[in-house]
Amino acid sequence: MPIDFSVEPEFQADLDWIDQFVREEVEPIEAIFPNGHLAFDKTFEPAQKLVRPLQQKVKDRGLWALHLPPHLGGMGLGNVKLALVNEILGRTVWAPSVFGCQAPDSGNAEIIAHYGTPEQKEKYLQPLLDGKITSTYAMTEPQGGADPKVFTTKAVRDGDHWVISGQKWFASHANYAEFLVTMAITDPDAPPYQRMSMFIVPKDTPGLRIIRNVGFVTEKAATHGYLSFDDVRVPADHMLGPQGGAFVVAQVRLGGGRIHHAMRTIGEARRALDMMCERALSRVTQGERLARKQMVQERIADSWIELEQFRLLVLRTAWLIDKHKNYKTVRGDISAIKAIMPKVLHDIASRALHLHGSLGISEEMPFAGLVMQSFHMGLADGPVEVHKVTLAREVLSRYRATEDLFPSYHLPEVRARAIEKYRAALEHIDEQV
Ligand SMILES: Cc1cc2nc3c(=O)[nH]c(=O)nc-3n(C[C@H](O)[C@H](O)[C@H](O)COP(=O)(O)OP(=O)(O)OC[C@H]3O[C@@H](n4cnc5c(N)ncnc54)[C@H](O)[C@@H]3O)c2cc1C
């Protein structure tokens, strides 16, 4: 299968429609409600009144929840086309909700679709797919997120129920959620990655409490839940997937979700670059436009190169996923884009901020939020370091150690082998050449 990122004219027409629709219809919602978390509050009528008609237009055009396979109402587009859509949606925090593909609902929907029982699908999946409710993914614990082996939240079987106790940390949008998907230790004596099981927990279950909502400096609201489970009883049929299978289930959700974030980051970074270019062409200092100054030109050139490199890496990874139809085969490639994504956004957004001077640092511009968003990207699906370790392991697995004292590419050895190979032809040539 040759690498080809071009699309048929009909899909290009869809992309053009999405681009114009996001610019003209969705971006104004962000201008009115800059707090993107409100997209998850389905009870906040002032915003929902604007969002619902746009969602209908997206549905009418057949572009709703595009990440889903056809049997769940999506188009089964494949990851290259999804990348091309998501790089447009990344321009504004409201676009994923308008198009029915916002995280963590999209990932939660994927795992319920994959592992859910018919009852779980009817009760939780359908309203999620319809965009009627919000969900949360609660995995991280206060004592550690990057290493799930330190998790202590447990679920103990009691008759027809599981009783969950423990704490979860930074569960985004828990305050708006109807239910959460969480993992707890059910088999403490099993090997570390087979100890935990996944559960669906309705938000109103007695014993489930938000200790507080945590925010960070550029966010307009605190919406990352610090949660306490005090003997939370859920019916046994609320286990999602097999007992001890939480990590297998989680992989289904993280595989696709990881690359969707990367796709949208392209859109965020491009928006910052667009702004940088307009400003450089407009602002005059010391008698000439900023765009005439070579240090400014260098920053614009660097930003363009880094963005296009990143975009190609994302598209190539999307293409590989489509080709192999298996996230595991391209785990290293996915880790690579996860690892570089925060840096690309950070560097481009920081240059854009700086080029705008005091205006750039002010809350009248989006740059500080984008810089902070780059840190979000470097943590939310696991820290950059963890992705680099995965990638490095994958790369190293393609090599073999040498038993010799000197490396296999030691030049004197290489030369000796080459001379040996061509000895007959070299007989009459001076060895010193
Ligand atoms: C905006 C945002 C939203 C989030 N939403 C959710 C959510 O909805 N649900 C959820 O469950 N979690 C969520 N998280 C939590 C996220 O998954 C964790 O922050 C992440 O897994 C890291 O865990 P930690 O914060 O406990 O950091 P730690 O595990 O304490 O790691 C801290 C730092 O240690 C270093 N480090 C860690 N491991 C290694 C290593 N192997 N090698 C080298 N250095 C290392 C890294 O520098 C890392 O940043 C969210 C986080 C953010 C920032």
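**Domains**

Select domain 2 and domain 3: their C-alpha centres lie 31 Å apart. This is a predicted model, in which local features need pLDDT of at least 70, side-chain atom pairs count only at pLDDT 80 or more, and totals for chains, interfaces and linings use all residues. Residues are numbered from 1 along each chain as its sequence is written.

Colour the protein chain by domain 1 (9-116), domain 2 (135-240) and domain 3 (251-396); the bounds come from an automatic or database domain assignment. Four residues of domain 2 are in contact with six residues of domain 3 (C-beta atoms, placed from the backbone, within 7 Å). The domain 2 side has three nonpolar, one polar and no charged residues (Ala, Val, Leu, Ile, Met, Phe, Trp, Tyr, Cys and Pro count as nonpolar, Asp, Glu, Lys and Arg as charged, the others, Gly among them, as polar).

**Ligand**

Next, select the 20 residues around the ligand, of which Met139, Gly145, Ala146, Ser172 and Glu385 come nearest (near: C-beta atom, placed from the backbone, within 6 Å). Strand 1 (135-138), strand 3 (161-172) and helix 12 (384-396) each give two or more residues to this shell (DSSP runs numbered from the N terminus: helices H or I, at least four residues; strands E, at least two). Domain 2 and domain 3 both contribute to the shell, so the ligand lies between them.

**Helix pair**

Finally, show Glu25, Val26 and Ile29 in helix 1, which meet Ala47, Leu50, Val51 and Leu54 in helix 2. Six residues of this contact are nonpolar, none polar and one charged.

Terms used
Contact = placed C-beta atoms within 7 Å.
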